Amino acid sequence: MPSFPQPGSVTICEINRDLITADTLSDDLAKSTYAKILGIVFSPVSFQADHLLSSPGAELGTDHQDRTEESGQQNHWSGPLHLLLSNSLKRFFVPNHVKLLPEVDLHGVSWHQHKHILAFIAGPNRVVIRDYEDSDGKDPCTLTNESQRDVKLLEWRPNDGRTLSVAGRGGICLWSASYPGNPASVRSGVASGTLSRSSGTRWTLVDFLRSPDGELISALSWSPDGRYLASGSYENSSFTIWDVAQGLGTPIRRGLSGISMLKWSPTGDYLFSAKIDGTFYLWETNTWTSEPWSSTSGLVTGAAWDPDGHMILLAFSESSTLGSIHFASKPPSLDAHLLPVDLPEIQSLTHSRGIEKIAWDGSGERLALSWKDGDELYKGLIAIYDVRRTRLISVSLIGFIRGPGENTKPISFSFHNKFKQGPLLSVCWSSGFCCTYPLIFRSHVLP
């Protein structure tokens, strides 16, 4: 039977398909369960969650529309015809589809690829970093800057020490760690502003990648080698590929509506893009050609590649069934098939009408997801599935994770994709805690 956390309890971890719970949130049970195996306690980090739950109307209202159209007049990226068409598209799509943005799985929490360093959005303009490897820096540090506004997404840069990209209104802030005697290099013209400290580490704003029309960035993804960064906005039908070392962006466009999601494959051969009109594309990154797809199940709310880059899982706003796109041949081929992945318990237990967020562990063995609406008993939980990958994907429900606080719900969640001792899931809850859940099941780490 799947593990079900009773109301009033909080989840601590998974031990061999059993999700352990406690009465209150503390480190004590962590020390007596997973810490004996992993040798580390991932203490929860508190933050002011109410600032992240404002209504989209207050954040994306008429004043923003006016500023968007004004900023479009200063576009130096392309010719007059593109400018005229771009502004027309904004006026047509933004009022009708702005309400869809909260449905998309915005990446609000991210683990460093090779370190036990967690970053998450903690307010409209604030990002918190918690370094679990720093025994002297138990207090998290906060990144703020005048260029960092209306933050929606963040992601660590692969293969580049400690560099964090933070996307929001007007562009992308790039923060890097500086150490005594080894300061980070700041691009000329960037106002570094506030420097945040953490036990000898100084976080410096080293670059700001300005979006072409000052839009709110709603999609962000690094290439696996860390050289390129893809970004997009629901306000613009183009997405941008940034050569980060040069600070230069190249716009790529197909379709008419704005960008809601971008996901680079682990091999770098493909880029997945989704739009707010429900269409989505598979791009081959050698020649930047693409194939369009569409669905009758609503907007793509979540997407996750498998570790080998051979398939991608998709969640839809109006379906409790996932889709998996399988490539029929090797890159650069775009020949692929979309197959269903049934989640019968989501319909039978939760009575939900659609998946809200998904995250797939880097080993491919654990899948986490949340859903919209549904039965009161299951509201605000996260389902954990065991995943088997052969030619097709099969999943089995392990149980549910419950967060701290009354009527809490997940704001965002993500796996540590390089944690050697098993999947490590971090969740930012609406009650104001970012909690980390080790999912331990491999025989070589169990006593």
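Strand E17 (259-264) gives the most to the lining of the second largest pocket, with five residues. The model is predicted: local features need pLDDT of at least 70, side-chain atom pairs count only at pLDDT 80 or more, and totals for chains, interfaces and linings use all residues. Residues are numbered from 1 along each chain as its sequence is written, and side-chain values use heavy atoms, with hydrogens and water left out.

**The second largest pocket**
- The volume of this pocket is about 980 Å³.
- Among its 42 lining residues, those closest to the centre are His 107, Gln 113, Glu 155, Trp 264 and Asn 417.
- Lining residues have an atom within 4 Å of a point of the pocket, which is an open set on a 1 Å grid, where a 1.4 Å probe fits, with protein on both sides within 12 Å along at least five of seven lines.
- Strands (DSSP runs of at least two residues) that each supply at least two lining residues include E8 (153-156) and E13 (219-222).
- The lining comprises 23 nonpolar, 13 polar and six charged residues; Asp, Glu, Lys and Arg count as charged.

**Ser 165**
- Ser 165 belongs to strand E9 (residues 163-168).
- Ser 165 has a relative accessible area of 0% and is therefore buried (under 20%, with a 1.4 Å probe).
- A polar atom of the Ser 165 side chain lies 2.6 Å from the backbone oxygen of Glu 155.
- The side chains of Ser 165 and Trp 222 make a polar contact at 3.0 Å (N or O atoms within 3.5 Å, one able to donate a hydrogen and the other to accept it).
- Ser 165 and Trp 222 are 57 residues apart in sequence, with their C-alpha atoms 9.2 Å apart.

Definitions and conventions:
Points joined across faces, edges and corners; volume = space filled by probe spheres on them. Helix = DSSP H or I, 4+ residues; strand = E, 2+ residues; numbered from the N terminus. Buried < 20%, exposed > 50% of the residue type's maximum accessible area, 1.4 Å probe, protein only.
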